[in-house]
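My notebook is open, and I am ready to look around. Let me bring up the structure and jot down what I find.

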Protein chains: 2
Amino acid sequence: MPNQSLRPVTTHDVARKAGVSQATVSQVLSGNPRARVARATRERVLEAAEALGYRPNILARGLVRGRSYAIGVVVPDLTNPFYLDVVTGAQRVMAEAGYAVLPGDTRETTPSRHLEALRARQVDGVIIDGVGAAALPHDAISELKVVVVDEPSERWPGVASDALAAGRLAAEHLLEMGHRGLAFIGPATDVHGFRMRERGFFRALKDAGIALPHEWLRRTPPTVSGGHKAMRALLALPRRPTAVFCANDLIAMGALKAALTANVAIPRELSIVGCDDVEMASVVTPELTTVHISARELGARAARLLLRQLEGQEVSAKPGKPLPVRLVRRGTTAPPTEGTGDRG
Amino acid sequence: MPNQSLRPVTTHDVARKAGVSQATVSQVLSGNPRARVARATRERVLEAAEALGYRPNILARGLVRGRSYAIGVVVPDLTNPFYLDVVTGAQRVMAEAGYAVLPGDTRETTPSRHLEALRARQVDGVIIDGVGAAALPHDAISELKVVVVDEPSERWPGVASDALAAGRLAAEHLLEMGHRGLAFIGPATDVHGFRMRERGFFRALKDAGIALPHEWLRRTPPTVSGGHKAMRALLALPRRPTAVFCANDLIAMGALKAALTANVAIPRELSIVGCDDVEMASVVTPELTTVHISARELGARAARLLLRQLEGQEVSAKPGKPLPVRLVRRGTTAPPTEGTGDRG
DNA sequence: TTGTAAGCGTTATCAT
DNA sequence: ATGATAACGCTTACAA
């Protein structure tokens, strides 16, 4: 039963027990590559540490090394499973490297304020996703290694999903099925990822020679209730679209709910496609057709990129290959039915 | 533009600028209540700090005070919105008190290992929810302030929801509607909260003089896919129940999905009630009848209790009043229909 | 009222 | 190969 006392075991305790100096203990235990310690001594130290139940004080280590071995992850909404997965993905790779992750969202605070708190904790870096990093005050992140997700930047390196393709895939799927009366629901935002999804969608429409009446472009927060409201507004219109692309699955599920509640047959009368492919997308009924984006992989990539920086490697801000996305056909899309929707 | 250099501003820098000693700066800036500093000096220090953009190094402070001002929260699965909300609730109150929260789940690690990592980070305390704290090795949490959620313990203080009532409420609702062929889907677990939900349910059945055939008691992981599988098994039985209580909403939503997929009319042929009332419960179709438990409040209470301990107050392990729960009637429950289900 | 100094648990640079 | 020793940035007696 190691460490009966209340005071945590320190290198001094280990040193005393092993009959060596504290410095030697540190050499052995800190994994210093250039540590030249006699085999026998090392053994003795290791044993003593084991026996006493020694665990290094990461704070103390951080103090002298000037790092905290912790990073922050800032997302708009942890309640959105997509962002949660980004965090989870990052957490897994950071944990392996011995880093802690401080996740936080900006629902009840501003990104700047959040960054502020993170810096007070001396985090070594941050991963920023979906909060419009470009608009951040320059000094909010000085002294910090940064990786941005889904947002090109010449200040910081970043990782991205192929958001443009996501929007295009959605549009092409609907177009191929024969839809011509297309609507879009998405947030009014400066968040690059969302803008690209939107742009991809509209470009594909344009390429197909299709225009979208302005009342079929609905702005709404990227949440379930946002999607719900937007769909209700859409359904109240004199002319209804035959299909709608939602900028994320939360919106799509809210929209689906609203449509179902209004007794609109999905997908017969109206097709819906989402984006993200969160778990719930295949739990709702009918199951949501959506564009799959691997949030965990995105988070993992961001973490690896951040790690490279933290380890002192120079990392270019030049964007790498975006994470591929793919359409997942499920139950909320079908060819438009004769006699329903917009007849031009 | 404060702090152009790369080196973070320290109390020394502030001291130099203000023309006082570093110790005085500390007195002013550390919020020491017994600090006796001349008004003029204090002003000068504050100004200098402001001008330089000083921010205290929480790690260094922690090192001398012997605390890290960080806590851990351990839950089984952050992907479950219920647990996420517990974390969020805790995070809000901890943040106000200047504490960071390190959330983590035990999907890919054991609680012990996780606690281990947390201790290495010198967290000051942990909130443990849903991972069977009772079974934790005693020394995994020595030196740590602990609050357990939904688990009575004479070692640690805790907060709890009224899980017993949750199960009972579900049963009574079904019973009142006239159901007699009742099934249960829940995890095989030693997690107290789940056991109580189950016990509350079965007690109410017993009080009503109703027994449940053993094949209608399905054990499954508390996840969507777990619920899905369990429901499929239930539907494959020669005799089907007319209603089923699921130990949480994830199970319930999986079960609902499976039933719908099998063309079982919900709620006409089969009633389903869940537990937790996560956001998605009212997004699926039909909307899930469930028992509402305020996860955020639970997390907030746990945090406040932990805070009290961290501030040195003795906190008894005696359980307080459990967080009340309430039934939310929605679309997945209805009286049993003649001619369907178990006719005894 | 202010400054000096010790020390928190480490790491890392030296002599030895 | 090992042990003093000086940081790291801060708090907190204690001395002036």
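Before counting, I noted that helices (H or I, at least four residues) and strands (E, at least two) are DSSP runs, numbered from the N terminus. This is a predicted model, where local features need pLDDT of at least 70, side-chain atom pairs count only at pLDDT 80 or more, and totals for chains, interfaces and linings use all residues. Residues are numbered from 1 along each chain as its sequence is written, while chains are lettered from A and ligands numbered from 1 in the order in which they are written.

**Entry: DNA strand C.** I looked up which element gives the most to the surface near DNA strand C, and found α4(A), with five residues.

Entry: In chain B I found an open sheet of four strands in the order β7-β6-β8-β9, with parallel pairing. Strands β7 (217–219) and β9 (271–273) of chain B are at the edges with a single partner strand each, so one side of each has no neighbour in the sheet. To pair, two strands need at least two bridges found by DSSP. I saw three bridges between β6 (residues 182–186) of chain B and β7(B), and B:F184 has B:L217 in β7(B) as its bridge partner.
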